Amino acid sequence: MSVTTADSALAQAKELLRIIHKDRPRLQRIDRYERGDHDDPYMPPHASDEYRLLAKRSVSNWMGVLISTPVQAMYVDNFRRGQAAVRGSDGAALPEWTHWQNSRLDARQTSVHRGAVKFGHSFTITEKTDKGTRTKGLSALNTSALWEDPANDDAPVVALTITQEAAEGSRGKARMWDGALEYEVTFGALLDDDSLTVTEVGKHGNSECPVTRFAAHIDLEGRTVGVVEPLIPLQDRINQTIMDLLVAQSYTAHVVRYTTGMAPPLKMVPVKDESGEVVDWQPERGPDGRPIPANINVNSSRFLFAEDPDVRFGSLEGGPLSGFIESIDMSIRHLAAIGQMPPHHLLGQIANLSAEALLAAETALSRKVEEFRKLMGEAWERVFRLAAELEGVEASALDYSGEVIWRDMEMRSLAQSADGLGKLREQLAIPVKGLWARVPGVTKNELDQWSALAEQENADLQLVDALLRSTGEDPADGRESR
C-alpha cells in the first residue's frame with residue numbers, strides 16, 4: 001500500500017472514530033429510553049426515600065411499543081430477481097437467497113430493522129467467510145460511515161465498526177472497509193489520534209464498500225431520525241403526570257377520619273404482685289414519664305363511640321384523581337398521533353369499533369410501515385447484489401431491478417383471502433400460480449413445495465392422458481371419470 005493510501009486510510013479512521021464519539025451520547029440516550037431507563041421526573045429538593053420510590057414507579061415505558069409495532073410488520077419473505085437476471089429453468093435456489101438463509105437473516109433481520117427504527121439507522125456488513133457469503137447487522141452505536149452524497153448514495157466511501165472497546169490495559173479494535181480493501185484499526189481512545197494505527201488486511205472482494213445503511217427516515221442533508229428521539233419529551237410528560245398521580249394517590253386520595261373533644265385511650269400494662277398474679281392495670285409511660293396513647297385500629301369491623309356528648313366524629317374526603325387520569329390519556333393520545341400509532345394499540349380501547357373504523361385507525365401506521373419497507377427494501381436489495389458479486393453471479397450483481405418481497409402481515413381470515421383470490425382469478429384471469437404468494441402466512445419454502453407438487457401433478461396428468469390416447473380413449477372423458 002502506498003504512503004498516500006496509508007495516510008488517507010489513517011485520516012478516514014480518525015474521522016470515523018470522531019463521528020462515533022460525537023454521536024454516542026445522543027444514541028445512548030435513545031437506547032436508555034427504549035430500555036425504560038428514563039430521566040427522573042421532577043422531585044422537590046431533599047425529597048424523601050418514599051418520594052424517590054414513587055418516582056421510580058412512575059416510569060411507564062411506551063418506546064418499546066412504538067418500535068415493536070412497525071418492526072413486527074416487516075419481514076422479508078423472499079427475493080425476486082429482475083427480468084435481466086431471472087434464474088434458469090432448472091429451479092435451482094438463488095445464490096442470493098441461499099446467502100440469506102445461511103446468514104440466518106430470517107430471524108436476524110428484525111435486529112437490523114429494530115436498530116434502524118430506534119436510532120434512525122443501522123448497518124450490515126456482507127462478506128466472504130470460511131463458511132461462505134454472510135451478512136450480519138452492525139449497531140449504530142459502534143458504526144459510522146462517510147458518503148460523497150449522504151442523502152442519495154447507496155454505497156459509502158468508507159465505513160468503520162468498533163469490535164472491542166478500549167479499556168485499561170487493552171487497546172480498542174475496529175474494522176474498516178473502503179471501496180476495495182479491509183483494514184484493521186487499533187486505538188487507545190476514540191479521540192487519541194497519536195495511538196491510532198491502521199493496517200491493511202486485504203481485498204474484501206466487492207467493487208464497492210460492503211457496508212449497507214438501513215435508514216428509517218432520511219432527509220436531503222443525509223440526516224436520519226428514528227421514532228424514539230422525537231417522542232422523548234412526550235414520554236417525560238407522561239412519566240411526570242403519573243408521578244403526580246402516584247403522589248396524590250399516596251398522600252391525598254384517602255379519606256381521613258378525625259375525632260374532636262375526646263382524649264385518646266392509653267396503652268395499659270398489667271400490675272403484678274409478688275406471686276405474679278395480675279392485680280391491676282396502669283398506663284404505660286414513656287422515657288419522659290408521660291402516658292403512651294394506644295394505637296387505634298379503625299376498620300369496617302369496629303365501631304367508635306364516646307360517653308361525652310361534646311365528642312364529634314367526622315372525615316375529610318380524599319382528593320380527586322380523575323384529572324390526572326384524563327391528563328395521562330390525553331398525553332398518550334398525543335404520543336399516538338405524533339408516532340402514527342392507532343390509539344387503541346396504546347390505550348386498549350377497542351370496544352364497539354366497526355371494521356371500517358379499525359381500518360381507518362390503522363391507516364397512518366400502514367403508511368408508516370410502507371415507508372420503512374420502501375427504504376429498507378432498497379437496502380436489502382443492495383445486500384443481495386453484494387452477495388451475488390461475492391458469489392460470482394455477475395448478472396445479479398448488476399441487477400438493479402430485483403426486489404425483496406415482504407410478508408403480508410395483515411390479519412385476514414383464510415376464507416376471506418380465498419374468496420378474494422378466487423375473484424382475481426376468475427374476473428381478471430390472473431394465473432393461479434401468480435396468486436399463491438398472496439395466501440396469508442405462506443412462506444417461500446411452502447411456495448417452492450407447492451410448485452414442485454404442481455409440476456409433479458402436471459407430469460402425472462400428462463402421463464395418464466398419454467396412456468388414454470394409446471388405448472384409443474378420449475383424455476377429456478378420462479379426466480371427467482377421474
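**View 1. Gln12, a buried residue of helix H1.** At 18% relative accessibility, Gln12 counts as buried, because buried means under 20% relative accessible area, exposed means over 50%, and partly exposed is in between (1.4 Å probe, protein chains only). Gln12 belongs to helix H1; helices here are DSSP runs (H or I, at least four residues) and strands are DSSP runs too (E, at least two), numbered from the N terminus. Set aside the neighbours within four places in sequence, and Gln12 is in contact with Val157, Val158 and Met176, where contact means heavy atoms within 4.5 Å.

A quick word on what you're looking at: this is a predicted model, in which local features need pLDDT of at least 70 and side-chain atom pairs count only at pLDDT 80 or more, while totals for chains, interfaces and linings use all residues. Residues are numbered from 1 along each chain as its sequence is written, and side-chain values use heavy atoms, with hydrogens and water left out.

**View 2. The whole chain, before we zoom in again.** Here you can pick out 14 helices and 14 strands. Of the chain's 482 residues, 36% count as buried. Take the contacts between residues at least 6 apart in sequence: 63% of them join residues at least 24 apart.

**View 3. Arg18 reaches across to Asp193.** These two form a salt bridge, with their closest N and O atoms 2.7 Å apart. The pair links distant parts of the chain: Arg18 sits in helix H1 (residues 3-34), and Asp193 in the loop between strand S7 (181-187) and strand S8 (197-203), 175 residues apart. The term salt bridge stands for a side-chain nitrogen of Lys or Arg within 4 Å of a carboxyl oxygen of Asp or Glu. Side chains of opposite charge can pair when their charged atoms come close. Arg18 is partly exposed, since its relative accessible area is 36%, and Asp193 is partly exposed at 27% relative accessibility. By the same rule, the count of salt bridges comes to 20.

View 4. Arg80 counts as partly exposed at 43% relative accessibility, and so does Glu403 at 33%.

View 5. The side chains of Glu182 and Arg175 meet in a salt bridge, at 2.9 Å from N to O. Glu182 counts as buried, at 15% relative accessibility. Elsewhere, salt bridges with shared partners join Asp31, Glu34, Arg35, Arg114 and Lys118 into one network.

**View 6. Where helices H4 and H5 cross.** The axes of H4 (residues 95-102) and H5 (residues 105-119) come within 7 Å and cross at roughly 75 degrees. H4 and H5 are therefore roughly perpendicular to each other. On the H4 side the contact is made by Trp97, Trp100 and Gln101, and on the H5 side by Leu105, Asp106 and Gln109. Axes are lines fitted to C-alpha atoms, for helices over the stretch in contact, and angles run from 0 to 180 degrees between N-to-C directions. Under 35 degrees counts as roughly parallel, over 145 as roughly antiparallel, 65 to 115 as roughly perpendicular, and the rest as oblique.

**View 7. Two loop residues with positive phi.** Most residues other than glycine have a negative phi. His46, not a glycine, has a positive phi of about 60 degrees; look for His46 in the loop between H1 and helix H2 (49-57). His46 is exposed, with a relative accessible area of 81%. Gln340, also not a glycine, has a positive phi of about 50 degrees and lies in the loop between helix H7 (322-338) and helix H8 (343-347). Gln340 is partly exposed, at 31%.

**View 8. Arg407 beside Tyr75.** Their C-alpha atoms are separated by 5.5 Å, although the two are 332 residues apart along the chain. Arg407 lies in the loop between S14 and helix H11 (414-428) and is partly exposed, at 28% relative accessible area. Not counting residues up to four places away in sequence, Arg407 touches Tyr75, Asp77 and Arg373.
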